[in-house]
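Here are my notes on the model you sent. Please read them with the structure open.

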Amino acid sequence: MAIAAACVLASCNNQAPKMDEKSQSSDSAATEMKIAYVEVDSIMSQYQFCKEYTKILEKKSQNIQNTINQKGQSLQAAAVKFQQDIQNNKYTQQQAEAVNAGLQKQQADLQALQQRLGNEFQTETDKFNEALRDSIQHFLASYNAKKKYSIILSKAGDNILYADKVYDITADVINGLNKAYKSKAAAATAEKKTEKK
């Protein structure tokens with residue numbers, strides 16, 4: 001029994017992977033791997049496309065908020081006036097019900113408007129995020145054709161606990177993105193001028 005148990009343990013030890021040993025193939029892959037990272041916050045604050053689109057989205061968000069607030073205040077004032085008129089016996093039962101129904105419809109319309117504007121804003125934000133992702137991926141594909149990085153990571157906040165600055169290609173990426181965006185914007189402006197002629 002003891003010999004059988006010893007044989008089983010020995011075979012288990014032979015089959016179990018050793019955690020402290022590294023395979024030679026993974027060592028060679030790690031030495032050949034070329035890694036870089038990009039600071040996402042810097043792209044958001046320095047990439048011209050992001051800066052312009054962020055302003056557009058902020059303005060749109062503010063306009064939505066102003067519209068909803070204005071209509072909400074108007075509805076609130078109408079509801080207060082209605083309550084005062086009820087207390088002063090200005091309405092018959094039938095008139096009061098009609099005014100109340102009108103106020104409820106305005107409330108429902110306001111909620112529908114808020115929902116519709118919120119959906120439109122979300123669609124616009126999604127469109128921006130997709131365009132941003134596409135522009136970064138398109139740029140990195142051409143950028144990496146020469147640089148030959150195995151992995152390019154996005155660093156946002158502390159999602160990467162430590163990274164040596166030597167692997168930071170943020171400045172290169174921002175400069176390249178802005179250069180590409182500037183030439184694209186110039187081409188679009190030139191196209192509009194030719195269309196007007």
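This is a predicted model: local features need pLDDT of at least 70, side-chain atom pairs count only at pLDDT 80 or more; totals for chains, interfaces and linings use all residues.

1. Overall layout. The chain has six helices and two strands. Along the sequence they follow the pattern α-α-β-α-α-α-β-α. Of the 197 residues in the chain, 20% are buried.

2. Helix H4. This helix covers residues 48-87, 40 residues in total. At 1.5 Å a residue it should span 58 Å, and its end C-alpha atoms are 58 Å apart, so the two agree. Its buried residues are Phe-49, Cys-50, Tyr-53, Leu-57, Ile-64, Ile-68, Leu-75, Phe-82 and Asp-85. Just after H4, Asn-89 has a positive phi of about 55 degrees.

3. Helix H5. With 55 residues, H5 reaches 79 Å from its first C-alpha to its last. That is close to the 81 Å expected at 1.5 Å a residue. Just after H5, Lys-148 takes a positive phi of about 60 degrees.

4. The structure holds six salt bridges. One of them pairs Lys-155 with Glu-39, the closest N and O atoms being 3.8 Å apart. It links distant parts of the chain: Lys-155 is in strand E2 and Glu-39 in strand E1, 116 residues apart.

5. Lys-81, Asp-85 and Lys-90 are linked in a network of salt bridges. Between Asp-85 and Lys-90, the closest N and O atoms are 3.8 Å apart. Asp-85 is buried, with a relative accessible area of 6%. Lys-90 is exposed, at 55%.

6. Glu-120 and Arg-116 meet in a salt bridge at 2.9 Å, N to O. Both lie in H5, four residues apart, about one turn of the helix. Residues three or four places apart in an α-helix point the same way, because there are 3.6 residues a turn. Both partners are partly exposed: Glu-120 at 34%, Arg-116 at 43%.

7. Surface patch. Met-33, Ile-35, Ile-151 and Leu-153 form a nonpolar patch on the surface. Together they have about 290 Å² of accessible area. Met-33 sits in the loop between helix H2 and strand E1. Met-33 is partly exposed, at 39% relative accessible area.

Key
Residues are numbered from 1 along each chain as its sequence is written. Side-chain values use heavy atoms; hydrogens and water are left out. The expected span of a helix is 1.5 Å times one less than its number of residues. Buried means under 20% relative accessible area, exposed over 50%, partly exposed in between (1.4 Å probe, protein chains only). Patches are made of residues with over 30% relative accessible area and no salt bridge: like charges are joined within 9 Å, nonpolar side chains (Val, Leu, Ile, Met, Phe, Trp, Tyr) within 5 Å. Accessible areas come from the Shrake-Rupley method with a 1.4 Å probe; for residues, only the protein chains shown count as cover. A salt bridge is a side-chain nitrogen of Lys or Arg within 4 Å of a carboxyl oxygen of Asp or Glu.
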